[in-house]
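Colleague: I have not worked with this protein before. Could you take me through it step by step?

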Amino acid sequence: MIRHIVFFSATKPEDVGRIADALSMLGNIPHSEFFEIGLNRKVDQLGGEVDVVVYGEFRDEEALAAYKAHPIYAECITLVRPLREMRVAADFVSKKV
């Protein structure tokens with residue numbers, strides 16, 4: 001299972017909702033096992049730069065690649081890129097500790 005997490009910050013505070021709404025369309029891409037979008041509550045005392053979080057779980061590398069190659073993904077990038085300041089992504093496989 002690959003976990004895909006992406007953090008976004010808005011250039012303007014009034015665009016946070018527009019970013020979240022546009023990112024919600026990614027949930028229509030059929031390749032994830034689990035998918036959600038959330039707004040950062042900004043309660044961590046060490047940082048509040050992140051406005052919106054995307055979290056998805058994918059069966060394998062092929063499913064994640066198919067998700068990123070989907071036309072909805074490209075459309076979403078077109079809508080969100082002009083509104084965001086920061087985008088940080090991580091794809092990882094959990095290890096038991």
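Modeller: Let me begin with a term: two residues are in contact when heavy atoms of theirs lie within 4.5 Å. Please also keep in mind that this is a predicted model.

Colleague: Which residues does serine 9 touch, leaving out those up to four places away in sequence?

Modeller: Serine 9 is in contact with Ile19, Glu49, Asp51, Leu83, Arg84, Glu85 and Met86.

Colleague: Where is serine 9, and is it buried or exposed?

Modeller: Serine 9 belongs to strand E1, which covers residues 2–10. Its relative accessible area is 6%. Buried means under 20%, so serine 9 counts as buried.

Colleague: What lies 3.1 Å from a polar atom of its side chain?

Modeller: That is the backbone nitrogen of methionine 86.

Colleague: How many bridges join E1 to E4?

Modeller: Eight bridges connect these two strands, and they run antiparallel. One of the residues involved is alanine 10, whose bridge partner in E4 is arginine 84.

Colleague: What is the order of the strands in the sheet?

Modeller: The order is E2-E3-E1-E4, in an open sheet of four strands with antiparallel pairing. E2 and E4 (84–92) are the edge strands, each pairing on one side only. On average, neighbouring strands of this sheet are turned by 10 degrees against each other, direction ignored.

Colleague: Which helix packs on the sheet?

Modeller: Helix H2 does, and it touches E1, E2, E3 and E4. The direction of H2 makes about 30 degrees with that of E1.

Colleague: Let us step back. What pattern does the protein follow along the sequence?

Modeller: The pattern reads β-α-β-β-α-α-β, with three helices and four strands in the protein.

Colleague: And what about its overall dimensions?

Modeller: The C-alpha atoms fill a box of roughly 35 × 35 × 15 Å along the principal axes. Buried residues make up 36% of the 97 residues. Among contacts with a separation of 6 or more, 74% come from residues 24 or more positions apart.

Colleague: Now to phenylalanine 35. Why does it count as buried?

Modeller: Phenylalanine 35 has a relative accessibility of 19%, and buried means under 20%, so it counts as buried. Phenylalanine 35 lies in strand E2, residues 34–39.

Colleague: Which residues does phenylalanine 35 touch, not counting those up to four places away in sequence?

Modeller: Phenylalanine 35 touches Leu23, Leu26, Gly27, Val54, Tyr55, Gly56 and Tyr67.

Colleague: How many aromatic pairs are there by the ring-centre rule?

Modeller: The count comes to four aromatic pairs. One of them joins phenylalanine 35 and tyrosine 67, and it is tilted, with 6.3 Å centre to centre and 50 degrees between the planes. This pair links distant parts of the chain, since tyrosine 67 is in helix H2 (residues 61–69), 32 residues apart from phenylalanine 35 in strand E2. Both phenylalanine 35 and tyrosine 67 are buried.

Colleague: Which residues do ring pairs link into a cluster?

Modeller: The cluster consists of Phe35, Phe58, Tyr67 and Tyr73.

Colleague: One last topic: where is lysine 42, and what is its phi?

Modeller: Lysine 42 lies in the loop between E2 and strand E3 (52–58). Its phi is positive, about 55 degrees, although lysine 42 is not a glycine. With a relative accessible area of 41%, lysine 42 is partly exposed.

Note on methods. Residues are numbered from 1 along each chain as its sequence is written. This is a predicted model: local features need pLDDT of at least 70, side-chain atom pairs count only at pLDDT 80 or more; totals for chains, interfaces and linings use all residues. Side-chain values use heavy atoms; hydrogens and water are left out. Buried means under 20% relative accessible area, exposed over 50%, partly exposed in between (1.4 Å probe, protein chains only). Rings of Phe, Tyr and Trp (its six-membered ring) pair if their centres lie within 6.5 Å; planes under 30 degrees apart count as stacked, over 60 as edge-to-face and the rest as tilted. A polar contact is a pair of N or O atoms within 3.5 Å; within protein, one must be able to donate a hydrogen and the other to accept it, and residues adjacent in sequence count only if both atoms are side-chain atoms. Two strands pair if DSSP finds at least two bridges between them. Axes are lines fitted to C-alpha atoms, for helices over the stretch in contact, and angles run from 0 to 180 degrees between N-to-C directions.
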